[in-house]
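Work through the exercises below with the sequence and the coordinates at hand. Each task is followed by a solution in steps.

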Amino acid sequence: MSHTSQQKLLLLSASREGQTEYLEHALPMMSSFLPSSVKEILFIPYAGFAMGYDAYEAKVAEALKSINRKVVSIHQFDDPVKAIEDAQSIAIGGGNTFYLLKQLYDNELVDAIRTKVNAGTPYMGWSAGSNMAGLTICTTNDMPIVQPRSFNALSLVPFQINPHYTDYQPPNHNGETRAERIYEYTRANPHRYVVGIKEGTALERQGDKLFLRGQKDGLIFRDGEGIKTIKADSDISWLL
């Protein structure tokens, strides 16, 4: 599809890696990703509703001061659709994915964001905000605390995303592993790929090119194909 060729996406697994400060590990990636012409980021805080939108806006604004970008939250605008249309860049933070998607639908922002990003406006997400860039939110890790209009997400990439991917299984824990849960999804949706990205890594899309950024390998799941490893800092444009 021709319109996808303009997309600029930076989809981070998490807001932190290890013991780093909030978004600290992501700042170099964000700085190189954002064009110098972008001075302001429209932030969508809906996933972090439990901490309050003002507090979330302040937290992100403080974190991004060092890369000289102004952060303004969409909740400050009377007309959120117009705010999207006027944005120089868009960022969606982490929190609860279901609450986030419900707010995007309730504010009629899903199509507005998709149209804006397809036209070339840079999009950054972390955690729930990265999940949102996939086809649906069916491979998120969190609880469905509210019911959005649909599980269909922004479809900025033609696959599913699983942020915070980990192989860790606590001792004596008998619940499903992450891989088992994703396997269930691929069995139920055999035509779909799922990309698991570990903390500290990100997917970066520039037009028709897609890369896994960071120091850790990622994983790709699809029914009947087993689990494939994708190397850190590799070109995975074939997924597009």
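**Exercise 1. Decide whether Ser15 is buried or exposed, and list its contacts.**

Step 1. Ser15 has 17% relative accessibility and therefore counts as buried; buried means under 20% relative accessible area, exposed over 50%, and partly exposed in between (1.4 Å probe, protein chains only). The model is predicted, so local features need pLDDT of at least 70 and side-chain atom pairs count only at pLDDT 80 or more, while totals for chains, interfaces and linings use all residues. Residues are numbered from 1 along each chain as its sequence is written, and side-chain values use heavy atoms, with hydrogens and water left out.

Step 2. Ser15 sits in the loop between strand E1 (8-12) and helix H1 (27-33). Helices (H or I, at least four residues) and strands (E, at least two) are DSSP runs, numbered from the N terminus.

Step 3. Setting aside neighbours within four places in sequence, Ser15 is in contact with Glu21, Tyr22, Leu23, Glu24, His25 and Trp126. Contact means heavy atoms within 4.5 Å.

**Exercise 2. Give the strand order of the 7-stranded sheet and find its edges.**

Step 1. The order is E3-E2-E4-E5-E1-E8-E9, in an open sheet with mixed pairing. Two strands pair if DSSP finds at least two bridges between them.

Step 2. Strand E3 (70-73) and strand E9 (209-213) each have a single partner strand, so one side of each is left without a neighbour in the sheet.

Step 3. From one strand to the next the twist averages 20°. Axes are lines fitted to C-alpha atoms, for helices over the stretch in contact, and angles run from 0 to 180 degrees between N-to-C directions.

Step 4. Helix H2 (residues 53-64) packs on this sheet, where it touches strand E2 (40-44), E3 and strand E5 (123-126). The direction of H2 makes about 165° with that of E3.

Step 5. Among the pairings, E1 and E5 run parallel and are joined by 4 bridges, with Trp126 of E5 as the bridge partner of Leu12. Strand E4 (residues 90-92) also pairs with E5 in the parallel sense, over 3 bridges; here Ile92 stands opposite Gly125. Strand E8 (residues 202-206) and E9 run antiparallel, with 5 bridges, and Leu203 has Leu212 in E9 as its bridge partner.

**Exercise 3. Sort the residues of E5 by the way they point.**

Step 1. In a regular strand the side chains alternate between the two faces of the sheet.

Step 2. In E5, Tyr123 and Gly125 point one way, and Met124 and Trp126 the other way. All of these are buried.

**Exercise 4. Explain why helix H4 (residues 97-106) counts as largely enclosed.**

Step 1. Of its 10 residues, 8 are buried, so H4 is largely enclosed by the rest of the structure.

Step 2. The buried residues are Thr97, Phe98, Tyr99, Leu100, Leu101, Gln103, Leu104 and Tyr105.

Step 3. Their cover includes E2, H2, E4, H5 and H6.

**Exercise 5. How many salt bridges does the whole structure have, and where do some of them lie?**

Step 1. The search finds 15, a salt bridge being a side-chain nitrogen of Lys or Arg within 4 Å of a carboxyl oxygen of Asp or Glu.

Step 2. One of them joins Glu40 and Lys70, whose closest N and O atoms are 3.8 Å apart. Glu40 lies in strand E2 and Lys70 in strand E3, so the pair ties together parts that are 30 residues apart in sequence. Glu40 is partly exposed at 30%, and Lys70 is exposed at 51%.

Step 3. Lys82 and Asp86 form another, with the closest N and O atoms 2.6 Å apart. Both lie in helix H3 (residues 80-86), 4 residues apart, about one turn of the helix.

Step 4. Lys228 and Glu225 are also bridged, at 3.2 Å between the closest N and O atoms. Salt bridges that share partners join Glu204, Arg213 and Asp233 into one network.
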